[in-house]
Amino acid sequence: MQDDHRRRQQRNGRCHPFVTLSYAQTVDGMIALQKTSSSKNKSSNLAISGKESMVLTHALRSVHDGIVIGVNTFLIDNPRLNMRIKMPACEQPRPIVLDTQLRSLLSDTNDADKDDANGPKSSLEDRFRAQNAIICCSHSAFKRYNNKSLSSLDMKQPTVVPCDTIKSTNGDEYLDLRSVLQTLYESHNIKSMMVEGGSAILSSFVNYNLPAEEKDGDFVSLVNCMCVTISPAIIGGVFGLSALEAVGRTREEPNTEAQENDTVKLVKRMVKAKFITVGSDCILLCEGWY
């Protein structure tokens, strides 16, 4: 699939990484537990997939150059985002954090840095378990980062990459996914990436449609492959966080009248979808959607 992707890129003259959307969910579509203000657990990270499926996930990581998460997932879970099975002649993928306002580094916007009853605030080194990370942010956040005096880091020091942004009608700023992908491809040799979460980032990739001049027939997805592990478990909507909760929501105000008159376009149809069984889990594989 990655070879086919490269050939299509050469034909249309536009280059960006091969994108795999990969995550584990329960039967009712939940990927984590909702965090509450009274929760003593600082992490929403919940083991959903079985041991066999976890081996598959790490095998997939071994054939990708980068692993992408959003800043909320990073701040809550501080994941390592590495490959933890032995694969011959495979380099570790680079962790990539999508962080528009650079909350992961600018301490005045990071709640994890505030002193509490347990002691002083954490150091930047403590906050980055992921090694050799790339953090994509807005140009304005990048300027604030350069102007701020930060303590020197060790080999875990992240690479901060400014990318173009888009603004919603209410003025909120978001990373432009096309700019992120192109920058990573051209400047950091990221030819393939796994997008693992959280919900907002997964939804953003699903919501993105390619411009008309780049469509391959009816194929409109920015995602080239989808690998979803479905575990035989139920969390429920009260305590669970939906994997694709924001799918269908755009940065602009929704045109509900147009949606009512064209409901067929609201449904995304998987391309070459198939299911396989791995241990007690079911794996959904597809090549994007139309």
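Analyst: Two salt bridges are present in this predicted model. In one of them, the side chains of Arg61 and Glu196 meet at 2.8 Å, N to O. Arg61 belongs to helix α2 (residues 51–62) and Glu196 to strand β9 (residues 192–197), so this pair ties together parts that are 135 residues apart in sequence. Arg61 is buried, because its relative accessible area is 8%, under the 20% limit. Glu196 also counts as buried, at 18% relative accessibility.

The other salt bridge joins the side chains of Glu287 and Lys272, at 4.0 Å, N to O. Here Glu287 is in the segment after β13 (281–286), and Lys272 is in the loop between α8 (256–261) and β12 (274–278); the two are 15 residues apart. With 25% relative accessibility, Glu287 counts as partly exposed, whereas Lys272, at 61%, counts as exposed. As a general point, side chains of opposite charge can pair when their charged atoms come close.

Next, the surroundings of strand β9 (residues 192–197). Leaving out residues up to four places away in sequence, Val195 touches Val19, Thr20, Leu21, Ser22, Val68, Ile201, Leu202 and Phe205. Val195 is also one of the residues that touch the most other members of the largest nonpolar core, which has 33 residues; Leu21, Ile96, Leu98, Cys136, Met193 and Phe205 are listed with Val195. A second, separate core has 16 residues, including Leu102, Cys137, Ala141 and Val160. In soluble globular proteins, nonpolar side chains tend to be buried together.

Cys136 gives another view of the largest core. This residue is found in strand β5 (residues 134–138) and is buried, with a relative accessible area of 0%. Beyond its neighbours within four places in sequence, Cys136 is in contact with Ile96, Val97, Leu98, Asp99, Thr100, Val161, Cys163, Leu175, Val180 and Leu184.

Val238 lies in the loop between β10 (225–231) and β11 (240–242) and counts as exposed, at 70% relative accessibility.

Notes: Residues are numbered from 1 along each chain as its sequence is written. This is a predicted model: local features need pLDDT of at least 70, side-chain atom pairs count only at pLDDT 80 or more; totals for chains, interfaces and linings use all residues. Side-chain values use heavy atoms; hydrogens and water are left out. Helices (H or I, at least four residues) and strands (E, at least two) are DSSP runs, numbered from the N terminus. Buried means under 20% relative accessible area, exposed over 50%, partly exposed in between (1.4 Å probe, protein chains only). Contact means heavy atoms within 4.5 Å. A nonpolar core is a set of buried Ala, Val, Leu, Ile, Met, Phe, Trp, Tyr and Cys residues joined through side-chain atoms within 4.5 Å.
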